[in-house]
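Please read them beside the coordinates.

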Amino acid sequence: MLKIALRSLLNRRLTVALAVLTVALSVLLLVGVERLRSEARSSFANTVSGTDLIVGARTGSVQLLLYSVFRVGNATNNIGWDSYQALAKDRRVAWTIPVSLGDSHHGFAVLGTTGDYFKYLRYGEDSQLQFSQGKPFEKTHDAVLGANVAAKMRYSLGQNIVLTHGSGEGAMSEHDDQPFTIVGILAPTGTPVDDTVHVSLDGLTAIHEGWESGSASLLSSTGVLAADQDRTLPPPSSITAFYVGLKSRTAIFGYQRAVNQYSDESLMAIMPGVALSELWQLMKIAEQALSVVSGFVLVIGLMGMLTALLTGLNERRREMAILRSVGARAWQIFALVMGETLLLVSAGITAGIALLYAMLLACKPILHEVYSLNIAIATPSATEWLLMGLTLLAGCLIAALPAWRAYRMSLSDGLSPH
Amino acid sequence: MKNLIAMACIAIPLASFAKEHSHAHGAHVHGVAQIDVAIEGKTLLIALESPADNLLGFERTPKTEAEKAKLKAVTEQLKQAAALFAPDAAAQCKAATPVVNMPSFKKGEHSDIDAEYRFDCTSVPASIALPLWKNFPNFKKLTANIASDKGQKQVTLKSGQNLNLK
């Protein structure tokens, strides 16, 4: 019987292959969307770890998180250096990392900070930044590159680079009077750090001296200011935000209150993890829309298979009748069609998952390079198994229809031709 | 990821509008309160920030004898950590004396009640039951900000739900 069934399938191989392909593509979309969603989440979540609070000017908490960590959008206001000094001195604070954003280098963000950035910043599961070459910046005009910056621009240690005033396409003018020397290149992290040029706060102060009007003054463009590398620089008047690590986690909420109620400036402290939770809340609608669409695609795929099966059934009346005549019971015909459909759905699911992994493997470097998205090639998650199970269940329900028809027909048809 | 970010950017103005002052003064919505939960080692710290209405049923200077009695009773109740939070028994948590700030009832202002509860446990609790749902039925929703060694997150709890810390 099984042999006959396989022969029958082989006989209809084109229709069968197309039915399997439809299911495979639907499953690919359904599981693929889920995979991308969860990977994007963990990619986001891996960017900030070990930072208890981020302090910035008062805006929305999600906005502060996005511009200070993910370099998306801009700060509406900065933090005065005095306020930073005062808040960093709090006895609950273990370390702070000041960050100053706004300049760029060929589209990559330039981040001004201190040596503490390399010491205390954590990503993933508590990993510290590693240097693949060189060391942290020491001098005013030293720069440390993220892995992507170095790879894409083909930079190496000792090379000079010029920073651009402003960011993005609309960046205005170059700080070409004061080139920076590359002293370090960081190992890849899969976070926005890879796309960042790091310089010291002093470096940023130095290149902006004489730029108070927004463009280069004669003094700065002639290079007079740049000539003396070792002069002492005044501290910056402001920074964009600062990350805070506390001595004890239980101090988070007390310190957060202290920042929010800071009287000299209107500031806010956000917990990065909590702000991420809020971000997911916002994204939920978009994610659900995606899931609904891929769910519908699956339904359409299964419907297409059902159509093919039902049409095929008419052509197979003779086959069924012969099977009956050689002794097959009506329930065996039911089981045959049912089993056949389930086999097709299972083959579709397997092919879909195989396609997904093939695509992930092929696209991994592109996803990493273009979207900084690190996709782990891991075994399917619980949710993904559930989706596959649901597909199989839907296949069961759909299979019952042609199986039932075959059962009925084989009873009434007999061998008489119509 | 860029697409996700783009979507987020569209949604952010909406969110920042709603959340702008949530940390500074607490968004004052009756029925809703915020708890901040921090766990470090074996210390569990819970800070409650709630509109006074959730606990008292009024937000002005108590006038009648009944209201005065209510204020007193609620103040006493808030000083009992067990009336609000119950970490799971396995963690064997001992409550320290809570710090309760009752409102001063300034004219024309919404009043908030702040309280801080500290527990010293023998192990890290896996969940915290919330008797406050039963004792103060005016609570309809809690926003919980959690910081533990598993990271930070925000969860929203509906009446009757426990706070899962896993």
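1. For the angle between two axes, under 35 degrees counts as roughly parallel, over 145 as roughly antiparallel, 65 to 115 as roughly perpendicular and the rest as oblique. Axes are lines fitted to C-alpha atoms, for helices over the stretch in contact, with angles running from 0 to 180 degrees between N-to-C directions. Helices (H or I, at least four residues) and strands (E, at least two) are DSSP runs numbered from the N terminus.

2. This is a predicted model, in which local features need pLDDT of at least 70 and side-chain atom pairs count only at pLDDT 80 or more, while totals for chains, interfaces and linings use all residues; side-chain values use heavy atoms, with hydrogens and water left out. Residues are numbered from 1 along each chain as its sequence is written, and chains are lettered from A and ligands numbered from 1 in the order in which they are written.

3. In chain A, the axes of helix H3 (residues 61-69) and helix H11 (residues 272-315) come within 9 Å and cross at roughly 110°. H3(A) and H11(A) are therefore roughly perpendicular to each other.

4. Which residues of H3(A) meet H11(A)? They are A:Ser61, A:Val62, A:Leu65 and A:Leu66, and on the H11(A) side A:Pro272, A:Ala275, A:Leu276, A:Glu278, A:Leu279 and A:Leu282 (contact means heavy atoms within 4.5 Å). By class, this contact of H3(A) with H11(A) has eight nonpolar, one polar and one charged residues (Ala, Val, Leu, Ile, Met, Phe, Trp, Tyr, Cys and Pro count as nonpolar, Asp, Glu, Lys and Arg as charged, and the others, Gly among them, as polar).

5. Rings of Phe, Tyr and Trp (its six-membered ring) pair if their centres lie within 6.5 Å; planes under 30 degrees apart count as stacked, over 60 as edge-to-face and the rest as tilted. By this rule there are 12 aromatic pairs over all chains. The ring centres of A:Trp95 and A:Tyr120 are 5.2 Å apart with planes at 0°, so this pair is stacked. A:Trp95 lies in strand S3 (residues 93-105) of chain A and A:Tyr120 in helix H5 (residues 116-120) of chain A, so the pair ties together parts 25 residues apart in sequence.

6. A:Trp95 counts as buried at 13% relative accessibility, and A:Tyr120 as partly exposed at 26% (buried is under 20% relative accessible area, exposed over 50%, partly exposed in between; 1.4 Å probe, protein chains only). In chain B, B:Phe136 and B:Phe139 form an edge-to-face pair, 6.3 Å centre to centre with 90° between the planes. B:Phe136 is buried at 3%, as is B:Phe139 at 0%.
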